[in-house]
Amino acid sequence: MKTLQTTFFLFVFVPLVNSAPPIQQESLQFYEYDTDVTMGSLIQQDYEMQSKDIRKDGTNVSLDTSLRLQGDDSERNVPPTKDTNLPTCLLCVCLSGSVYCEEIDIETVPPLPKETAYLYARFNKIKRIAVSDFADITTLRRIDFSGNKIEEIEDGAFSKLLLLEELSLAENRLIKLPVLPPKLTTFNANQNRIKSRGIKANAFKKLTNLAYLYLGHNALESVPLNLPESLRILHLQYNNITTITDDTFCKSNNTRYIRTRMDEIRMEGNPILLAKHVNAFSCLRTLPVGTYY
């Protein structure tokens, strides 16, 4: 009986033992785990070394940056300088016949390139314009001196500017007008101190191209005489105009006369009641802007 049991045991269990999977898989798993741990430690060491390098580099960068920032601060603390003795095209901006000299605190008109056609010298400290300023510049077509401190313009300062079409002397301290060049189409002298005696009787008569005339915010007591037929826009607001005649805009001896080009006249802010001078506007297509009651 024992012999049969032994034979049965060998017949059933030995094949099962032989077919069992080897334990190498578990040992392989342990080997891989150990390898991962080893690689992890190496990566950690490498990371720490890189971190040290980065911290070193970072220290250097921060020092360089600090030095650069200190340099920038020192540069910003240097006060700006304006050397008005520089050549014009270094002091101003010269571009394709245009010269821009705006807000640079110049006190005189700078020497201009001979091909200058457009001069913008707004918001400076210019007090006087001399004949010599434009004696050799015959190509000028536009001049803008707005926002300066001009009190005097020599007679003949603009006499050689035969191509000049636009001239602005607004926001200055003029008490009289200079002789104006013949081809002007636009003249702006708003916000000055001009009185009627500061404008000659024929100041505008020969300006046959003049279309826009701005004389608002001055001290005029009357409307300028002999306004050209070409005039379209006339601004006389906020002066001290107290009188107006039938010949100011029209022709009292010609009832059929019409000013066909005049589109706008502004006279508000003057101590005059326009309703009392209706005949003075009979030749106009539209009534002036002002007080009628």
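User: Why does Phe134 count as buried?

Analyst: A quick note before that: this is a predicted model, where local features need pLDDT of at least 70, side-chain atom pairs count only at pLDDT 80 or more, and totals for chains, interfaces and linings use all residues. Residues are numbered from 1 along each chain as its sequence is written, and side-chain values use heavy atoms, with hydrogens and water left out. Now, buried means under 20% relative accessible area, exposed over 50%, and partly exposed in between (1.4 Å probe, protein chains only). Phe134 has 1% relative accessibility, so Phe134 is buried.

User: What makes the pair of Phe134 and Phe145 tilted?

Analyst: Rings of Phe, Tyr and Trp (its six-membered ring) pair if their centres lie within 6.5 Å; planes under 30 degrees apart are stacked, over 60 edge-to-face, and the rest tilted. Here the centres are 6.2 Å apart and the planes sit at 50 degrees, so the pair is tilted. Phe145 is buried too, at 0% relative accessibility. Phe134 and Phe145 also form one aromatic cluster with Phe158.

User: Why is the pair of Tyr100 and Tyr120 called stacked?

Analyst: The structure holds four aromatic pairs. In this one, Tyr100 and Tyr120 are 5.1 Å centre to centre, with 10 degrees between the planes, which makes the pair stacked.

User: Are those two buried or partly exposed?

Analyst: Tyr120 is buried, because its relative accessible area is 12%. Tyr100 comes to 35% relative accessibility, so Tyr100 counts as partly exposed.
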